[in-house]
Amino acid sequence: MPLLELDDIHFGYPGHAPVLRGASLRLEPGQRLSITGANGSGKSTLLHLMVGLLRPVSGRVLAFGQERRQEADFHEVRRRAGLVFQDPDDQLFCPTVAEDVAFGPMNLGKNRAEALAIVDAVLDRLGLSHLRERVTYKLSGGEKRLVTLATVLAMEPEVLLLDEPTNALDEANAARLIAILQALPQAMVLVSHDAALRAQLAPRALRLSGGCLRDETP
Ligand SMILES: Nc1ncnc2c1ncn2[C@@H]1O[C@H](COP(=O)(O)OP(=O)(O)OP(=O)(O)O)[C@@H](O)[C@H]1O
């Protein structure tokens, strides 16, 4: 059973030309897929459709063995598939880093002490403990990027959907992030323009072009 499946998805933003015109993909357990394609080809749109932030005009979204149509269907999908947004400002909304990372676990029913233990463990694992009490909106772009990943890992998702994860990271932090992602057990969909990153993390590659996905695994 695939973890995620898009079947013949058509989608356009209201009042704009179609973005997706029959896009299909399957993510199998343990699999890592990367998606590339020109700016504006619809890669972020595809990830947003997978977790129900957008709904297709036609086609089917399946996740964890079930077709997902309504908002209520996607609550479970968003718990089990963690999306790291392209823009950290879309993801971070609490006053401090610790609160942002604790938010997901508390939302999943953990008490404050349990959530804070998860915060410490995740920040430690990502080498971000020094940012724990910082005011989120005053972080640098690269720091925000890493904290965004921490907020998603804190929820222990079964699948990671990563939209340009190394954007805004310097070489050392990009290398550190890649090593962290390589060591994770989760299935992944990686959207990236960076061929070296795709080759390291998710060599099975799909190209989005003309609204459709084509396999272009090297
Ligand atoms: N909210 C929106 N309203 C209208 N058009 C949108 C909206 N969001 C995205 N678009 C348009 O939809 C198309 C696909 O956007 P999307 O962000 O999915 O592309 P992308 O492949 O992720 O691009 P990039 O490589 O630049 O990140 C673009 O033409 C974009 O301008």
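Guide: Gladly! Let's begin with pairing: two strands pair if DSSP finds at least two bridges between them. Keep in mind that this model is predicted.

Visitor: Which residue is the bridge partner of Leu160 in β8?

Guide: Met188 in β8 is the partner of Leu160. Strands β7 and β8 (residues 187–191) run parallel, joined by 5 bridges. To get from β7 to β8, the chain passes through helix α6 (residues 171–183), a right-handed β-α-β crossover.

Visitor: How many bridges join β6 to β7?

Guide: There are 4 bridges between β7 and strand β6 (residues 81–84), and these two strands also run parallel. One example is Val84, whose bridge partner in β7 is Leu162.

Visitor: Which way do the residues of β7 point?

Guide: Here is the general idea: in a regular strand, side chains alternate between the two faces of the sheet. In this case, Val159, Leu161 and Asp163 point one way from β7, while Leu160 and Leu162 point the other way.

Visitor: Are the residues of β7 (residues 159–163) mostly buried or exposed?

Guide: A residue counts as buried if 20 or more other C-beta atoms lie within 10 Å of its own. In β7, 5 of its 5 residues are buried.

Conventions:
Residues numbered from 1 in each chain as written. Predicted model: local features only at pLDDT ≥ 70, side-chain atom pairs only at ≥ 80, totals over all residues. Buried ≥ 20, exposed ≤ 12 C-beta atoms within 10 Å, placed from the backbone. Right-handed = clockwise from strand over helix to strand, strands pointing away.
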